Amino acid sequence: MPLQFYNTITHRKEKFNPISDEIVKIYTCGPTVYNSAHIGNFRTFLFEDLLKRYLIYKGYNVYHVMNITDVDDKTIKRAKKDKKLFEKLTSKYSALFMKDIEFLKIIPADIYPKATDHIEEMIQMIVNLEKDGIAYLSKDNSVYFQLSKDKDYGRLINLNLSELKSTDRVIDDEYSKDNPQDFSLWKSWDSEDGDIFWDSPWGRGRPGWHIECSAMSIKYLGEHFDIHCGGVDNIFPHHENELAQSISVTNKPFVNYWMHSEHLQLKGDKMSKTQGNFYTISDLISKGYLAEEIRFVMLSAHYRTKLTFSIEQCSDARSAIQRIKSLYNRLINIANRNLSKFKLPSEYQDFIASLDNDLDTPKALAIFFKWIRSINTKLDNDQDMNNGEINGGIEFLNIVDNIFGFLIKENFAPQEVHSLAGEREKYRGMGDWETADQIRHKIYELGWIVEDGSDGPNIKPKK
Ligand code: AMP
Ligand code: ZN
């Protein structure tokens with residue numbers, strides 16, 4: 001089965017075909033930095049990390065942009081009319097977000113553009129929409145997107161605009177989730193904004209939330225790119241409106257695959273900052289939980305199903321991870337580290353097939369843990385495992401870890417280093433010492449040392 005993803009816009013799973021063979025371009029909606037991100041937000045960010053890690057594992061190069069929403073109704077409200085306070089607030093929560101990203105071992109995006117650094121690009125887009133008669137200026141100097149000018153509006157939520165009566169205007173970021181309305185592209189200044197404003201052809205004001213992501217995604221990924229992600233609450237109105245604006249400006253398709261993760265819930269309700277029912281990453285750290293345990297809880301459910309969070313799940317994750325680590329150690333202890341020889345277990349194919357099927361992590365992990373049980377039984381019963389099988393097992397564990405990031409392996413080299421060590425063994429076997437030494441140097445640059453022991457190479461961290 002080829003790699004396929006569920007595409008929100010077509011409502012079905014589709015084979016993944018990137019626009020270019022060279023690079024897959026991904027845009028993910030980042031945090032609104034008026035507060036600490038909660039673990040619900042991180043469920044979405046971890047889903048995006050899994051997607052990215054899996055694409056990398058499949059051999060794609062990925063270019064990933066995640067924006068930082070550092071201006072919207074909520075940030076302005078919290079800054080209480082004071083631009084200095086506003087900047088202090090958003091840089092404080094942006095920094096905390098980056099710390100959490102690092103703690104959770106999320107592969108960083110290639111770039112994290114901030115909305116406030118791209119006001120010019122947003123203004124330019126709005127000017128273009130106005131020129132084409134799609135945007136209009138209201139009496140209060142706000143600029144709106146006119147839904148009736150976009151005959152295909154409703155692409156993502158599958159909505160036929162002609163069936164709808166209401167096209168009232170809406171200026172707030174937080175508005176009714178099921179009522180399409182002319183939405184603001186530019187909001188004119190009012191006294192509540194204090195000294196938080198930017199100049200524009202329509203006077204002082206600030207951009208609407210949706211235009212931020214249109215401007216930044218197009219700037220960094222071009223007018224047509226591969227994947228756009230977010231949580232399901234982003235589908236409408238945020239992504240619907242982003243799509244309408246972008247297509248109206250460029251006349252190009254904008255995004256090929258829209259992927260959305262379901263919500264993390266707490267006691268049956270969506271975890272949310274505004275409701276106040278949430279845990280942050282630092283709440284979990286202070287309870288003693290580790291990054292890999294949080295990763296395990298979030299990634300063991302399929303990204304398109306709701307997940308209800310409880311603290312006990314972190315404890316269950318701890319014992320599951322212990323099982324993985326203990327098998328890793330058992331295999332490392334008995335392995336002859338001549339790593340050029342390995343045979344991946346037959347379960348590997350089923351594991352990959354599950355992930356190819358729209359990242360079916362529950363199925364992939366069920367296969368993986370069944371394999372762990374079978375190998376432990378073999379080892380418990382002193383059944384023979386040949387070297388190829390043992391090294392294949394280690395390789396499988398490394399692959400799972402590269403995709404899921406469940407193990408902290410200060411002392412275990414990544415798959416790339418193992419592969420290089422295997423290569424080096426081949427050259428040593430052929431007596432090509434020069435190439436073998438070059439590979440040893442490459443391994444060193446990656447932070448590892450290869451020592452040749454009587455039973456094959458031993459890989460240690462450089463320190
Ligand atoms: P925000 O900071 O509110 O702009 O949200 C950042 C990201 O987190 C967006 O992609 C949201 O869709 C996502 N998100 C918000 N709440 C949850 C939740 N409870 N579960 C999963 N994702 C969420
Ligand atoms: Zn966005």
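Lys and Arg count as positive and Asp and Glu as negative, with His and the chain ends not counted. The place of a charge is taken as NZ of Lys, CZ of Arg, CG of Asp or CD of Glu. This is a predicted model, in which local features need pLDDT of at least 70, side-chain atom pairs count only at pLDDT 80 or more, and totals for chains, interfaces and linings use all residues. Residues are numbered from 1 along each chain as its sequence is written, chains are lettered from A and ligands numbered from 1 in the order in which they are written, and side-chain values use heavy atoms, with hydrogens and water left out.

**View 1. Charges and overall dimensions of the chain.** The chain carries 60 positive and 68 negative side chains. The centres of these two sets are 3 Å apart. The chain holds 14 helices and 16 strands (DSSP runs numbered from the N terminus: helices are H or I of at least four residues, strands E of at least two). Its radius of gyration is 25 Å, close to the 23 Å of the globule rule for 463 residues, so the chain is as compact as a globular protein of that length (taken over C-alpha atoms; the rule is 2.2 Å times the number of residues to the power 0.38). The C-alpha trace spans about 85 × 45 × 45 Å along its principal axes. Of the 463 residues, 54% are buried (under 20% relative accessible area; exposed is over 50%, partly exposed in between; 1.4 Å probe, protein chains only).

**View 2. The site of the zinc ion (ligand 2).** Cys29 (SG), Cys213 (SG) and His238 (NE2) are the protein donors, 2.1 to 2.2 Å from the ion (N, O and S atoms within 2.8 Å of the metal, or 3.2 Å for Na, K and Ca; water is not among the atoms, so sites may look incomplete). Cys29 sits in the loop between strand E3 (24-28) and helix H1 (39-57), and His238 in helix H6 (residues 235-250), so the pair ties together parts 209 residues apart in sequence. Cys29 and His238 are both buried.

**View 3. Ile211 and its neighbours.** Ile211 belongs to helix H5 (residues 209-221). Its relative accessible area is 0%. Not counting residues up to four places away in sequence, Ile211 touches Met122, Met125, Ile126, Leu129, Leu185 and Gln245 (contact means heavy atoms within 4.5 Å).

**View 4. Helix H10 and its cover.** In H10 (residues 347-356), the buried residues include Tyr348, Phe351, Ile352 and Leu355. Their cover includes strand E1 (4-7), H1, helix H11 (361-380) and helix H12 (387-404). Just after H10, Asp358 has a positive phi of about 55 degrees.
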